[in-house]
Structures are given as C-alpha cells and as structure tokens.
Amino acid sequence: MSHSDPNCIFCKIAEGKIPSRKVYEDEEMFAFHDINPWAPVHFLMIPKEHIVSIAHVEERHAAMLGRMMARVPQLAQQEGCVPYPDGGFRLVSNVGEHGGQEVHHLHFHVIGGPRPWKKG
Ligand code: 5GP
Ligand code: ZN
C-alpha cells in the first residue's frame, strides 16, 4: 500500500499485521477497540491511508472524512453506546504534543457507555 508507513503501528493494525479487536472495516477506514479503554465503550476509527493528524488533512480527504463521521453514531450504538440524548458518546482527536497525541496516525476516539469512566 503506497499510503502506508512501515513504521506506523496503526498502519500495521489496519493491514492486519498487528492484531486488534476489529469493530468495522471497509476500503478506506478501519475501527478497533482501544487497548487501554477509558470507558465501557472505547474504540478508535482510522483512515487506512497514513495521515499524521487532523492538522495534516488535505482537500482530497474531505469525502472520506465525511463518510467516517457519518458512520460514528452507527458504530457507537453497535458497540453499546445508548442513543442520544440519554446516552451519547465523546468523539476526540488529539493533535500534536499539546493535544496529547501519542500515535501519529489520525484517529478518532469514540468513548461512551455508562459513567463513571476511568478518564475523560
Ligand atoms: P492518542 O493519545 O494518540 O490520541 O491515543 C492513542 C490511543 O491508541 C491510546 O488510547 C492507546 O491506548 C491506543 N493504542 C496504542 N497502541 C495500541 C495498540 O497497539 N492497539 C490498540 N488497540 N490500541 C492502541
Ligand atoms: Zn499510519
């Protein structure tokens, strides 16, 4: 895959080279459970293309990102989040050092389920 970084852990997860608990996959995106969940529901959604962060998004990514966002509520509910407004979830993307980004492949945290949570 030309858009993959061989040293990136999330590229390896998207390619199945590192195992993960998969939530969803199609041609352009991959979703999997966070290895260190903050809450009863905590999964990550990533583009298969290696994009470093939301600060690195280009115009050509717009449609793919729109499709990712449109899929969030469906996957959140599938994974156990109670629907809006009683339930809901938190949608987070950390960018850079000050944003607390640890893995430098764009990802959206989807975090939900009954509180209290470990974090957030
Ligand atoms: P960040 O701080 O970059 O927004 O979050 C990275 C997230 O990726 C963290 O919540 C961390 O638990 C998760 N993570 C890091 N490495 C792995 C891994 O190998 N597998 C899975 N499933 N999650 C990971
Ligand atoms: Zn990557």
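Leu75 touches Val23, Tyr24, Ala31, Phe43 and Met45, leaving aside residues up to four places away in sequence. The model is predicted. Leu75 is also one of the residues with the most contacts inside the largest nonpolar core, which has 18 residues. The space of the largest pocket amounts to about 580 Å³.

**Largest nonpolar core**

- Alongside Leu75, the residues with the most contacts inside this core of 18 residues are Ala31, Phe43, Met45 and Met68.
- Two or more residues of the core come from each of strand S1 (22-25), S2, S3, helix H2 (62-78) and strand S5 (108-112).
- H2 provides the largest share of the core, namely 6 residues.

**Second core**

- A separate core of 9 residues has Ile13, Ala14, Phe30 and Leu44 among its members.
- In soluble globular proteins, nonpolar side chains tend to be buried together.

**Largest pocket**

- The volume of the largest pocket is about 580 Å³.
- The pocket is lined by 24 residues, of which Phe10, Asp34, Ile35, Asn36 and Leu44 are the closest to its centre.
- At least two lining residues are supplied by each of helix H1 (9-14), strand S2 (29-33) and strand S3 (41-47).
- H1 gives the most to the lining, with 3 residues.
- By residue class, the lining comprises 11 nonpolar, 8 polar and 5 charged residues.

How values were computed:
Residues numbered from 1 in each chain as written. Chains lettered and ligands numbered in written order. Predicted model: local features only at pLDDT ≥ 70, side-chain atom pairs only at ≥ 80, totals over all residues. Heavy atoms only, no water. 1 Å grid on protein atoms, 1.4 Å probe; cavity = no way out; pocket = protein on both sides within 12 Å on 5 of 7 lines; lining within 4 Å. Points joined across faces, edges and corners; volume = space filled by probe spheres on them. Helix = DSSP H or I, 4+ residues; strand = E, 2+ residues; numbered from the N terminus. Nonpolar A, V, L, I, M, F, W, Y, C, P; charged D, E, K, R; others polar. Core = buried A, V, L, I, M, F, W, Y, C linked by side-chain atoms within 4.5 Å. Buried < 20%, exposed > 50% of the residue type's maximum accessible area, 1.4 Å probe, protein only. Contact = heavy atoms within 4.5 Å.
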